[in-house]
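Please consult the sequence and the structure alongside the text.

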Amino acid sequence: MSVLLIEYPKCSTCQRAKVWLLAQGVKFNVRHIVTETPTVDELTDWIHTGKLDLDKLFNTSGLVYRGLGLKDKLKTLNEAEKIALLAGNGMLIKRPLLITDKGGAAGFKETVWQDLI
């Protein structure tokens, strides 16, 4: 099974998620969410294959999200515009992001992740 963890290394939740995956004996590839931000094509694929929910991908508690005033702006954007925003700045993406053959999840919840590995 292919497992991809997209993380921000300084994020404590990402660190906990990585420790949890290791404890489960899962082999996974790691990507830095800022230096290797998911592309428009990747995000589109993950959303259209049902692995991720577009609106749940936004890091609504992040400084970039608040700084751009996206709470109200997102309602007026179409899918392509939202995906372009996410692909343009990894700090807008809720983290950690787990992508497996079974699906994907934004944010770390053990019960959800258990079902995906």
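A residue is called buried when its relative accessible area is under 20% and exposed when that area is over 50%, with partly exposed in between (1.4 Å probe, protein chains only). The model is predicted: local features need pLDDT of at least 70, side-chain atom pairs count only at pLDDT 80 or more, and totals for chains, interfaces and linings use all residues. Residues are numbered from 1 along each chain as its sequence is written, and side-chain values use heavy atoms, with hydrogens and water left out.

**Helix α2**

- Helices (H or I, at least four residues) and strands (E, at least two) are DSSP runs, numbered from the N terminus.
- In helix α2, residues 40–48, the buried residues are Leu43, Trp46 and Ile47.
- These residues lie on the same side of α2 because they cover an arc of only 100° around the axis, the arc being that of the directions from the helix axis to the C-beta atoms.
- Asp41 and His48 are exposed on the other side of α2.
- The cover over the buried residues of α2 includes β1, α5 (79–88) and β3.
- Gly50, which follows α2, has a positive phi near 80°.

**Sheet**

- Four strands form an open sheet in the order β2-β1-β3-β4, with mixed pairing; two strands pair if DSSP finds at least two bridges between them.
- The edge strands, β2 (29–32) and β4 (103–106), each pair on one side only.
- Strand β1 (residues 3–7) runs parallel to β2 and is joined to β2 by four bridges.
- Glu7 stands opposite His32 in β2.

Definitions and conventions:
Contact means heavy atoms within 4.5 Å.
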